[in-house]
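I opened my notebook today to look up a few things in a protein model. Here is what I wrote down as I went.

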Amino acid sequence: MTNDTIDAARVEVAPEQACPIAPVVDIVFSRWTTPILWVLNEYGRHRFVELQRRIVTITPKVLTERLRQLERDGLVVRTYHPEVPPRVEYEISALGRSLAPLFAALSEWSVNLGEVERARLEYDAREPGRGRRT
């Protein structure tokens with residue numbers, strides 16, 4: 001191998017070029033995005049408080065941030081109703097709904113979670129202290 005060949009092999013490649021699904025994973029699978037989209041896809045339009053009740057461990061600040069990002073990404077539609085008191089509702093957009101087959105495939109794959117847990121237990125038994133995720 002020549003130095004030119006070695007240097008060519010070391011060229012940095014953007015993640016989206018190395019793995020074309022990387023940007024999709026960044027958008028769809030960032031923390032809290034999946035539960036929010038799942039709820040809106042499964043149960044329809046929700047007010048903020050209703051979403052917060054369904055996703056009990058999310059804080060109001062994080063829910064607000066995620067909803068804004070999802071609206072910016074075109075995955076969620078925010079509708080403001082100028083009433084007294086004002087009412088705001090969120091629903092999954094057509095673009096967000098287009099992710100339903102992806103969620104269905106992941107749901108089908110979830111039957112493998114028991115096998116994943118067994119593999120983790122086996123690993124942890126072989127490698128004490130190395131396998132635990134926090």
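**Entry 1: a cut-off to begin with.** I call a residue buried under 20% relative accessible area, exposed over 50%, and partly exposed in between. Tryptophan 38 has 34% relative accessibility, so I put it down as partly exposed. I also noted that I am reading a predicted model.

**Entry 2: the overall plan.** I looked up the helices and strands, and the protein has nine helices and three strands. Along the sequence I read the pattern α-α-α-α-β-α-α-β-β-α-α-α. Of the 134 residues in the protein, 21% are buried. I then turned to contacts between residues at least 6 apart in sequence, and 43% of them join residues at least 24 apart.

**Entry 3: helix α4.** Which residues are buried in helix α4? I found Thr33, Ile36, Leu37, Val39 and Leu40, in a helix that covers residues 33-43. Looking down the axis of α4, I see these buried residues within an arc of 160°, so they line one face of the helix. I reminded myself of a general rule: an α-helix has 3.6 residues a turn, so residues three or four places apart point the same way. Just after α4 comes glycine 44, with a positive phi of about 85°.

**Entry 4: the sheet.** In what order do the three strands lie? I wrote β1-β3-β2, an open sheet with antiparallel pairing. The edge strands are β1 (46-47) and β2 (76-81), and each of these pairs on one side only. I found six bridges between β2 and β3, the latter covering residues 87-92. As an example, arginine 78 has tyrosine 90 in β3 as its bridge partner. Helix α4 packs on this sheet and touches β1, β2 and β3, with its direction at about 90° to that of β3.

**Entry 5: the loop between β2 and β3.** Proline 85 lies in this loop. The peptide bond from valine 84 to proline 85 is cis, and its omega is near -5°.

**Entry 6: the aromatic pair.** How many aromatic pairs does the structure hold? I found one. The ring centres of tryptophan 38 and phenylalanine 103 are 6.3 Å apart and the planes stand at 70°, so I call the pair edge-to-face. Tryptophan 38 sits in helix α4 and phenylalanine 103 in helix α8 (residues 100-109), so to speak from distant parts of the chain, 65 residues apart. Phenylalanine 103 is buried, with a relative accessible area of 4%.

**Entry 7: arginines over rings.** Arginine 31 lies over the face of tryptophan 32, 4.4 Å from the ring centre. Tryptophan 32 is in the loop between α3 (22-28) and α4, and its phi is near 80°, a positive value in a residue other than glycine. Is tryptophan 32 buried or exposed? With 15% relative accessibility, tryptophan 32 counts as buried. I also found arginine 54 over the face of tyrosine 43, at 3.8 Å from the ring centre.

**Entry 8: glutamate 71.** I located glutamate 71 in helix α6 (residues 60-72). At 35% relative accessibility, glutamate 71 counts as partly exposed. What does glutamate 71 contact, leaving aside neighbours within four places in sequence? I listed Val76 and Arg78. Last, I checked the C-alpha atoms of glutamate 71 and isoleucine 92: they are separated by 9.1 Å, with the residues 21 apart along the chain.

Key: Residues numbered from 1 in each chain as written. Predicted model: local features only at pLDDT ≥ 70, side-chain atom pairs only at ≥ 80, totals over all residues. Heavy atoms only, no water. Buried < 20%, exposed > 50% of the residue type's maximum accessible area, 1.4 Å probe, protein only. Helix = DSSP H or I, 4+ residues; strand = E, 2+ residues; numbered from the N terminus. Arc of directions from axis to C-beta. Pairing = 2+ DSSP bridges. Contact = heavy atoms within 4.5 Å. Axes fitted to C-alpha atoms, helices over the stretch in contact; angles between N-to-C directions. Phe/Tyr/Trp six-rings, centres within 6.5 Å; stacked < 30°, edge-to-face > 60°. Lys NZ or Arg CZ within 6 Å of the ring centre and 35° of its normal.
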